[in-house]
There are 2 protein chains.
Amino acid sequence: MLSFLDALKRILVGRPFRTERLKEAPLRKRLALPIFSASALSSIAYAPDEVILTLALAGLGAMAFSPSVGLAVMVVMLVIIASYRQSVKAYPSGGGDYEIASVNLGPRAGTTVAAALLVDFVLTVAVSISSASHYVIAAFPALDGSQAWFATAGVVVLTVLNLRGRGRSKMGTAAPVYLFIGVVLVMLAAGGILAATGTLGTAPSAGFEVVPDPDYPHGLTGLAGVLLVLRAFSTGSAALTGVEVPISNVHKLAAPKARNSAAVLLLLGLFAGALTLGTMYLARAVQVRVVEDPATGLRLDGGPIPADYIQHPVLGQVAEAIFGGASIGFYLVLAVTVAVLLIAAHTAFNSFPNLASHLATDGYLPRQLRTRGDRLGFSNGILALAIAAIALIWVFDAHVPTLIQLYVVGVFVSFTLSQLGMIRHWGRELAQTPDKRVRARIHRSRLLNLAGFALTAAVLLIVLGTRLVHGAWLAVLGIAVLFAMMDSLHRHYVQVDRELAIGEDESATALPARVHALVLVSTLRKPVLRAVAFARAARPSKLDAIVVDADSERTEATLARWEALGIPVPITVLASPYREIAPPLIEHIRSIKRDSPRDLIVVYIPEYVVGRWWEQLVHNQTAMRIKNRLHYEPGVVVASVPWRLASSDASMDLGPTEEASAGAKPMPHPAAPQISNPKDKP
Amino acid sequence: MLSFLDALKRILVGRPFRTERLKEAPLRKRLALPIFSASALSSIAYAPDEVILTLALAGLGAMAFSPSVGLAVMVVMLVIIASYRQSVKAYPSGGGDYEIASVNLGPRAGTTVAAALLVDFVLTVAVSISSASHYVIAAFPALDGSQAWFATAGVVVLTVLNLRGRGRSKMGTAAPVYLFIGVVLVMLAAGGILAATGTLGTAPSAGFEVVPDPDYPHGLTGLAGVLLVLRAFSTGSAALTGVEVPISNVHKLAAPKARNSAAVLLLLGLFAGALTLGTMYLARAVQVRVVEDPATGLRLDGGPIPADYIQHPVLGQVAEAIFGGASIGFYLVLAVTVAVLLIAAHTAFNSFPNLASHLATDGYLPRQLRTRGDRLGFSNGILALAIAAIALIWVFDAHVPTLIQLYVVGVFVSFTLSQLGMIRHWGRELAQTPDKRVRARIHRSRLLNLAGFALTAAVLLIVLGTRLVHGAWLAVLGIAVLFAMMDSLHRHYVQVDRELAIGEDESATALPARVHALVLVSTLRKPVLRAVAFARAARPSKLDAIVVDADSERTEATLARWEALGIPVPITVLASPYREIAPPLIEHIRSIKRDSPRDLIVVYIPEYVVGRWWEQLVHNQTAMRIKNRLHYEPGVVVASVPWRLASSDASMDLGPTEEASAGAKPMPHPAAPQISNPKDKP
């Protein structure tokens, strides 16, 4: 069983890498730009849809506002990018918002940012992959209904790729993003020319009427209208996720790191702005109609729409209007969009385990998330992300409009706290800077962060105010639970550290006076003889065999056999009126301890090593329970004496890594003069 | 957490009993009769229903046949009882059919009987309790729909009662059964008098028309009709379960055991026959109509029946016809029926764990089923039965007509093999008996068992032939799976026994030459110091500390600290290019073994003892993995050196049994001259 799983792992993940391969060449700007902006750019695949279908609740007239809402989102993005460009110069280590918040606002703010980002990374994967699966359906409508399966397959493929780790070509990631930018720009240009010449076609959904929601009978009027526009803006802010990628990856860039990162941020903003706004204007021009539920929200000639109508994403509909439905251009747009969405999810597969490993190192997450797997990736973090994303995909059936309600909360918590942290940072800098000119520059920087803080805090409030009831509560809950978990784990680690730290002159622990060994005997078979032999070999001050009399017939048989075999060790019978094993044994140990408190007691327990999983269920259960109980007794060491059953031979192999590390010889270490190499026998 | 569960267990189950309380007074005949026949008698609560509703598939005319089918079932019962009366004289130990089949037909036949009986005991509980819940609904129709909940509650109550074990009054079990027999006899007599005087009323369902199933358009004609009668007979044989109870409980009876058991069997047969046949004749007289699905199978004046119609059991409808719907007599019949059904299920709660414990002793089931719990019952067997029965109740929604399809298969497998075993038994007896008169008696006995075998084998074939597709396949599958499990477990135990048995002159196991101790060091904290101190106290021939270099920074820190603390033990660094702990350690151990093959290696591993469940997840994971791997290395003992974290204090308590067994002092044993009492210090 185990070796089958090992073999499967080897096939999927490949042979392990040596630690030395961890060093990597720094990333040039022209590769960093596409790799770091895939996440932000990919939102063109779903953000316009969300803005339009939210506005569609108030009817056709409201949908015309969508480019303006897109423009507002882009304004927020430009402010965030401007402030990030100066943050990255102040914190060029790649710690990102987590570091900024921790350093300036304290560890609890840092933990909050971390929890928020972890939740949003999971959502990035869920949303991007779900959206990608809808683009696949747009190309192959016959497969409609299998979105969740496609999405799951996508997550699994990305997981395996990331577990395989290093060795992937950077070009392989960068090229599709450039291709995406190029293809969409060409499409927008073509659309613009067609519009200018008055020959622009219409989207396949242009013929439908939009049925307004009964809550919005008069379009975008009154308070309800204002709130709906704000909600459209808040869902549209999904376009802002991924903006933080360049700043948390500064350390991977070629020098000058901070300046290169700032340049990447600027270009990212320009491209994202151009593509998003272009798409939204063209969507209005070709009269794309998308609604939350096509069956009730759309009508055709006053009657219901065809039952088999599948609503395609906005970008696909725009491409169809410009290039035609069965054209190469149309399929090319779908293909590069799927590619860039996958790369966006892939980015999260890098960010999540990295952040988790930072948090584990700082003692906020279990240490298992810190260790690198066979191929040097943070395997446990990768698997945790994949499981969480697949769970979300199935809970929400890969439905982007529902998933998007949870999105963006985390990233705006992070933006807001990071801006606040930078304001503090500048305040401290001001206090230390006497130079007037430098002070003026710091004042300007702080002003920018103040504006950024005001704006991001406002967006966060809008997000929470307009979408909390629509699903954002789940994201808030997730962040809160994660925060509580990390906080209590950290407190636990701190407490354990304090408890276990060795004091100044504590190294001279008092040695126990003598060793009193006990061998636990049940049925007298070979494993017991081995345990007795091993216990004798250790030459304890005192050696007793112990049999607990839970079943008098068996006890008699054991004693008779003990005598017949002439084993040269005294045997003690412990009465057990309630047929238990552990309590009489522990009572016996306590009475030994009472008589000679400084004795060390070593309990030898014969244990079976089995080969099949079900054999574990029928052996060792009593041994396990006794060991667990004994661990609570002070001054007791439990020594397991294993006996390998014949069935265990199959699983004795240590797997392929064994030969790989066969060369692992003891390595004398210059820093430790006491090192002894066991090869140097006396 | 653990102590909360312990407290709950103490409240539900009570304080533990001493083993001495196991002895019990033998059971007098007048108590044995009701206790042992409850299971057989209780089937009057559901067997007539099954016969009538199966026949109803062929329409109203077919239903008139039901008493004849009941008569056929009773004939089979009398033959089985007659042959059991002589079996019990030949095998008076209480091993029942399992013993008869094992001794005469070999262990595999015995295992088959055991598997079949275990499955049927589970079904006894599921069917009896489900039926009881329907009688509860007959009394309180407003609770219709909660049958499965009532049934589950019933199983839980019986489980707790049985876990509490001994101390229940035998009278408390016997009285309701006598009351049941009395009440039903009075009802039947009253019904007979009313019928004779022509004043017998009709059942509440008498006014309905019965819609024949489309498969049986012409009533009970042709092959289909014959098969339907056979199927009705086969479901009606549910009345025969429980007949085996007296024979498998002979050992509990007062002497002369075998003769008393035979007497109980005879009386059981007479009562069961009278009550079953009486009920079925009266059911026909008061025109009870029951069908599988009342909504489609019944009609009222040509139209559908009222939507809120609840079909009550036959016994309840008969009582209603005789005593009236809201009369004391009616409710009394319902109450005693529920009581006797509960006692029938309770009988299975005794039989199942007993048989399971026999099987565990013979090595066919895990040893855990052999041990007696706090209150001397076979707790694990009781829990296994309860879980299986509750699962069946929920899978089949406490629906008796579906559950009954699985029933009876097991008990007839057991009847048939037991009859076959007895034929063999008599054959062997004949071969050893020269006396002519005795031979003639043996010939007569064998003839009876031959008849019994022919009859029970025929019924088994009818059961399988007519009901395999209706659900009996699930019972067959259950028996087959259980058989395969028990068989492979037995082969495993036999193999282990052979592997571990100590040979004639094997007691002098060669002692290892020297002890080479290794202390595994990761982060240098107090637990490591303790492990070093304990290892030093054991005075091994050689002692090394080992640090595996999976993370060079941490290794450097550990070495520096080791030096600073001046720990007088050499430390060895093992290189680990693939960041693993176990493989380099094992390679190191193997190289030591290569150099000095007769050395015993003891690996000291510091281990945390934690208090909260989640702390186990964040500590000891690496230690556990290393221990598991080390168990596969020959000549290696793993010594866990526990360190109790402060959080573990809460769970340090051993629970109430600790004080209870505080008096467990070492007990010198006359059979073992080497016994040393640790109180007698030198």
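This is a predicted model: local features need pLDDT of at least 70, side-chain atom pairs count only at pLDDT 80 or more; totals for chains, interfaces and linings use all residues.
**View 1. The packing of helices α3 and α5 of chain A.** Two packed helices are described by the angle between their axes and by the distance between those axes. Helix α3 of chain A spans residues 47–55, and helix α5 of chain A spans residues 66–90. Their axes lie 10 Å apart, and the packing angle is about 130°. Because of this angle, α3(A) is oblique to α5(A). The crossing in which α3(A) passes α5(A) is right-handed.

**View 2. The residues in contact between α3(A) and α5(A).** From α3(A), the contact involves P48(A), V51(A), I52(A) and L55(A). From α5(A), the contributing residues are S66(A), V69(A) and G70(A). Sorted by class, the contact of α3(A) with α5(A) comprises five nonpolar residues, two polar residues and no charged residues.

**View 3. Residue A431(B) in helix α17 of chain B.** Helix α17 of chain B runs over residues 409–432 and includes A431(B). Is A431(B) buried or exposed? A431(B) counts as exposed, because it has 7 C-beta neighbours inside 10 Å, and a residue with 12 or fewer is classed in this way. A431(B) and A238(B) are separated by 193 residues in sequence, and their C-alpha atoms are 37 Å apart in space.

Definitions and conventions:
Residues are numbered from 1 along each chain as its sequence is written. Chains are lettered from A and ligands numbered from 1 in the order in which they are written. Axes are lines fitted to C-alpha atoms, for helices over the stretch in contact, and angles run from 0 to 180 degrees between N-to-C directions. Helices (H or I, at least four residues) and strands (E, at least two) are DSSP runs, numbered from the N terminus. Angles under 35 degrees count as roughly parallel, over 145 as roughly antiparallel, 65 to 115 as roughly perpendicular and the rest as oblique. A crossing is left-handed if the near helix is turned anticlockwise from the far one by less than a right angle, and right-handed if clockwise. Two residues are in contact if their C-beta atoms, placed from the backbone, lie within 7 Å. Ala, Val, Leu, Ile, Met, Phe, Trp, Tyr, Cys and Pro count as nonpolar, Asp, Glu, Lys and Arg as charged, and the others, Gly among them, as polar. A residue is buried if 20 or more other C-beta atoms lie within 10 Å of its own, exposed if 12 or fewer, and partly exposed in between; C-beta atoms are placed from the backbone.
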